[in-house]
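This report covers a structure with two copies of a chain. It takes up symmetry, domains, selected residues and ring contacts in turn.

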Number of protein chains: 2
Amino acid sequence: MVSDAFFTPMKTLDKSSEATQLSEYCRRVAQQAKAASVELAQLRGETKIAWLRQAAESLRAQCDTILQANEQDLEAAPGYGLTDAAIDRLRLTTERVDAIAVALEQVAQLGDPIGEVIDSTVRPNGLVINKICVPLGVVFFVYESRPNVTADAAAICVKAGNAVILRGGKEAMHSSQAIVEIIRSAATETGVPADAVQLVDTTDREAVGHFLRLPESIDVAIPRGGEGLIRRVAAEAQMPVIKHFTGNCHVYVDTAADMNMATDILVNSKCQRMGVCNAAESLLVHADIASEFLPRAAKALEEKGVEIRGDERTCELVPAAITATEEDYATEFLGPTISACVVGSLAEAIEHINRYGSGHTDAIVTDNLTSAQTFTAQVDSSAVVVNASTRFNDGGEFGLGAEIGISTDKFHARGPCGIEELTSYKYVVHGSGQTRK
Amino acid sequence: MVSDAFFTPMKTLDKSSEATQLSEYCRRVAQQAKAASVELAQLRGETKIAWLRQAAESLRAQCDTILQANEQDLEAAPGYGLTDAAIDRLRLTTERVDAIAVALEQVAQLGDPIGEVIDSTVRPNGLVINKICVPLGVVFFVYESRPNVTADAAAICVKAGNAVILRGGKEAMHSSQAIVEIIRSAATETGVPADAVQLVDTTDREAVGHFLRLPESIDVAIPRGGEGLIRRVAAEAQMPVIKHFTGNCHVYVDTAADMNMATDILVNSKCQRMGVCNAAESLLVHADIASEFLPRAAKALEEKGVEIRGDERTCELVPAAITATEEDYATEFLGPTISACVVGSLAEAIEHINRYGSGHTDAIVTDNLTSAQTFTAQVDSSAVVVNASTRFNDGGEFGLGAEIGISTDKFHARGPCGIEELTSYKYVVHGSGQTRK
């Protein structure tokens with residue numbers, strides 16, 4: 001049985017309802033993160049690697065402690081109204097704790113960009129201008145309830161040289177506390193400042209607002225969760241935000257498409273995992289091949305239990321389809337429903353995607369070079385995919401190793417955000433006495 | 001005499017005081033910019049080059065028109081309370097109009113990054129992941145009164161494939177209108193959408209607030225001017241902002257410095273142009289060389305009419321120095337005053353800079369390798385300079401060709417913002433039927 005002392009707040013905090021106390025707590029956490037970030041920026045890569053490996057080892061060694069903490073979360077889960085699926089995502093097992101440890105070891109093995117020269121110029125006057133990769137500083141990460149995200153986010157932020165303030169969902173609070181406690185101990189053991197990773201130790205929703213008003217200590221806020229959370233963070237934050245809005249992803253089947261390939265890509269994009277942001281939510285089919293493609297596509301989707309909501313032409317060709325509303329085309333279903341529309345041309349498909357899509361991931365299936373070029377140039381999304389599943393827009397699949405989210409912004413980071421996207425740069429200029437004329 | 005029709009608002013706008021009309025005007029301008037940005041993103045580089053050259057030619061050809069418009073601004077200037085120096089910056093001459101045209105021709109010659117592959121990976125499953133440079137979209141640029149900035153900003157934004165909404169100071173309104181009218185005509189003549197460049201055609205301060213609430217149409221806001229303007233834009237903007245806060249720049253003279261080089265660099269950093277952001281505002285001197293260096297530094301500064309505000313030790317060594325307050329160390333003087341402090345160590349110098357500095361530009365003069373390495377690693381500024389003047393932190397001096405400002409942010413862009421800093425990227429993925437396992 002884990003001792004009660006284990007769950008004592010990491011910072012001694014009188015959780016009085018007084019806003020000033022909460023505000024002071026948040027300010028102190030942020031200042032501690034800032035101080036840790038100064039140290040972190042100077043750490044050698046090997047120190048961060050040693051920490052990640054030690055943390056993985058400790059997580060495995062203290063698996064029982066984590067499972068006991070997780071048990072408390074599971075007991076409380078029905079009280080939070082969690083669905084069975086959500087409870088399953090919350091549940092830790094020995095295997096899942098091991099998977100968390102393995103993920104830390106994988107981040108340990110990734111390249112460390114900090115200090116690398118990104119770009120270099122020698123000016124005619126002899127000045128050497130080097131653009132050097134540096135950490136962003138302090139990341140405020142607000143996320144929902146899966147406990148593995150706690151460890152993943154800590155690993156990737158600190159690997160990029162940043163301190164992180166983790167604000168997880170209350171549903172996983174005990175599990176996250178246990179994991180963070182172990183990660184912090186591993187930090188102390190290996191020469192990483194413990195405050196590199198801090199878990200916000202109150203479930204008071206006001207705390208998020210307090211952190212969002214500390215731009216002098218926090219360099220970026222990253223919300224990951226439902227649209228409401230992201231909109232709230234974007235509206236309140238006084239520091240930059242990396243947003244991950246909806247994924248209303250499209251598969252467009254062009255007149256020059258291979259029908260088998262198109263069916264495979266469509267089914268994989270829609271059905272391989274329905275509840276995720278890079279799953280397809282809308283099918284566009286060129287009119288010239290609609291009568292050949294739509295019936296077979298519909299059959300393949302129906303076998304997976306997917307309902308089709310289509311325009312008039314789709315409903316003619318697919319008797320089981322129901323009529324789509326305007327709103328359907330703008331909806332991220334995250335479940336067994338797909339909207340469908342027959343388009344008269346590639347241009348119409350692109351227009352439809354840029355109007356209804358969310359700039360996340362959109363795919364074309366075609367064997368025509370001009371169609372592929374036009375689609376990839378004109379569709380304004382974080383990833384545009386030719387002849388492959390939308391499901392590949394992912395840090396792991398793109399080879400980034402790990403990701404903290406997929407940005408639907410264009411500013412600073414777009415698409416999967418890995419270690420590099422959590423960095424900035426500075427110019428280091430070397431001269432030999434140059435003055436400006 | 002220029003006809004009155006020339007100054008008719010570009011958009012037919014009943015400048016009623018009703019907020020809704022202003023709001024609708026701003027929305028329409030933003031939507032026109034967004035529509036233009038879609039076209040701009042697909043333009044070939046040669047079209048943008050042709051536009052810039054045509055614009056330069058037209059500016060020269062219609063120099064008289066510009067000078068007449070400028071005359072109206074100059075006549076109104078005393079009414080705005082402009083100083084003689086400010087009026088001089090506002091004044092255009094044939095030579096200055098030619099310089100504006102030359103600047104456009106220089107931007108024409110710069111490389112065009114749009115469409116370039118920034119990074120490329122081939123995944124084990126054969127997927128080719130290309131990271132492609134794309135424009136940001138729409139830039140909202142808010143600036144003060146110099147008319148050449150109008151043309152410079154238009155050129156650099158559009159070269160990077162962005163549409164720009166220019167909101168200049170009222171003091172240069174007629175000059176800017178004349179310049180923008182010519183630039184827009186050149187656009188139409190060369191196949192660039194005219195709405196690539198729009199000048200906000202009202203001096204109502206409320207207009208800025210309206211634009212800052214249109215994140216769906218505007219991708220980034222860039223304020224350039226006084227601290228009040230920048231703070232207002234940062235606080236109100238619902239889209240990302242590239243901020244250019246104060247430049248409280250330091251020169252630190254290390255124990256291993258060459259005294260002549262240190263004096264030259266100090267004087268150049270402080271005096272080559274006092275009113276600019278990358279001018280030095282504070283001098284730090286290592287205690288071991290203070291008695292040797294400070295008197296000669298003071299003499300050189302006094303010859304340029306610069307007052308020194310120093311700590312106790314500085315005042316001992318420099319009789320003319322007056323005692324510095326805490327606030328002096330945090331002040332961007334932008335004039336003939338410099339703060340000075342004797343520090344006991346390199347570490348103390350770094351701590352001083354990170355506490356009082358503004359993260360803009362800081363220089364060390366030293367011949368010691370470890371000092372140089374420590375300083376460049378630990379000073380957290382957009383540019384850290386070894387043995388050269390702070391005045392080099394500039395887009396032109398760094399070889400970026402042109403800049404829209406110098407960012408004191410860490411997010412997206414840090415230091416001089418040239419064409420590349422006004423771009424984003426998308427992932428273009430090429431497959432041959434890959435689906436996710």
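## Symmetry and the axis

Of the residues of chain A, A:His412 comes closest to the rotation axis, with its C-alpha at 1.9 Å. The model is predicted, so to speak of local features a pLDDT of at least 70 is needed, side-chain atom pairs count only at pLDDT 80 or more, and totals for chains, interfaces and linings use all residues. Residues are numbered from 1 along each chain as its sequence is written, chains are lettered from A and ligands numbered from 1 in the order in which they are written, and side-chain values use heavy atoms, with hydrogens and water left out.

Two copies of a chain are related by a rotation about an axis and a shift along it. Here, chain A is superposed on chain B by a rotation of 180° with 0.0 Å of shift along the axis, at an RMSD of 0.0 Å. This is the relation of a two-fold axis. The superposition is by least squares on the C-alpha atoms of residues with pLDDT of at least 70 in both copies. Both copies use the same surface: 100% of the contact residues of chain A recur in chain B, where contact means heavy atoms within 4.5 Å.

A:His412 is placed in the loop between strand S14 (405–407) and strand S15 (415–417) of chain A. Helices (H or I, at least four residues) and strands (E, at least two) are DSSP runs, numbered from the N terminus. A:His412 counts as buried because its relative accessibility is 15%; buried means under 20% relative accessible area, exposed over 50%, and partly exposed in between, with a 1.4 Å probe and protein chains only.

Most residues other than glycine have a negative phi. A:His412 is not a glycine, yet it has a positive phi of about 70°. In chain B, B:His412 also has a positive phi of about 70°. B:His412 lies in the loop between strand S14 (405–407) and strand S15 (415–417) of chain B, and at 15% relative accessibility it counts as buried.

## Domains and the segment between them

Chain A is assigned domain 1 (4–236) and domain 2 (249–392), with bounds from an automatic or database domain assignment. The C-alpha centres of domain 1 and domain 2 of chain A lie 37 Å apart.

A:His244 is in the loop between helix H9 (227–236) and strand S7 (249–253) of chain A. At 16% relative accessibility, A:His244 counts as buried. A polar atom of the A:His244 side chain lies 3.4 Å from the backbone oxygen of A:Ile406. Neighbours within four places in sequence aside, the contacts of A:His244 are A:Ile230, A:Cys277, A:His360, A:Gly405, A:Ile406 and A:Thr408.

## Two further buried positions

A:Ser37 belongs to helix H1 (residues 19–42) of chain A and counts as buried at 7% relative accessibility. Apart from neighbours within four places in sequence, A:Ser37 is in contact with A:Gly137, A:Val138, A:Gly161 and A:Ala163. A:Ser37 and A:Gln62 are 25 residues apart in sequence, and their C-alpha atoms are 27 Å apart in space.

A:Ala172 lies in the loop between strand S4 (163–167) and helix H7 (173–190) of chain A. Its relative accessibility is 2%, so A:Ala172 counts as buried. Not counting residues up to four places away in sequence, A:Ala172 touches A:Asp73, A:Leu90, A:Ser145 and A:Pro147. A:Ala172 and A:Arg91 are 81 residues apart in sequence and 9.2 Å apart in space, C-alpha to C-alpha.

## Rings

Rings of Phe, Tyr and Trp (its six-membered ring) pair if their centres lie within 6.5 Å; planes under 30 degrees apart count as stacked, over 60 as edge-to-face and the rest as tilted. By this rule there are 13 aromatic pairs over all chains. Among them are the two in the table.

| Pair | Centre to centre | Angle between planes | Class |
|---|---|---|---|
| A:Phe141 and A:Tyr143 | 4.9 Å | 15° | stacked |
| A:Tyr425 and A:Tyr427 | 5.7 Å | 85° | edge-to-face |

A:Phe141 and A:Tyr143 are both buried, and both A:Tyr425 and A:Tyr427 are buried. A cluster linked by ring pairs holds A:Phe398, B:Tyr425 and B:Tyr427.

B:Lys170 lies over the face of B:Tyr80, 5.0 Å from the ring centre. B:Arg231 lies over the face of B:Phe245, 4.5 Å from the ring centre.

Methods:
A polar contact is a pair of N or O atoms within 3.5 Å; within protein, one must be able to donate a hydrogen and the other to accept it, and residues adjacent in sequence count only if both atoms are side-chain atoms. A charge sits over a ring if NZ of Lys or CZ of Arg is within 6 Å of the ring centre and within 35 degrees of the ring normal.
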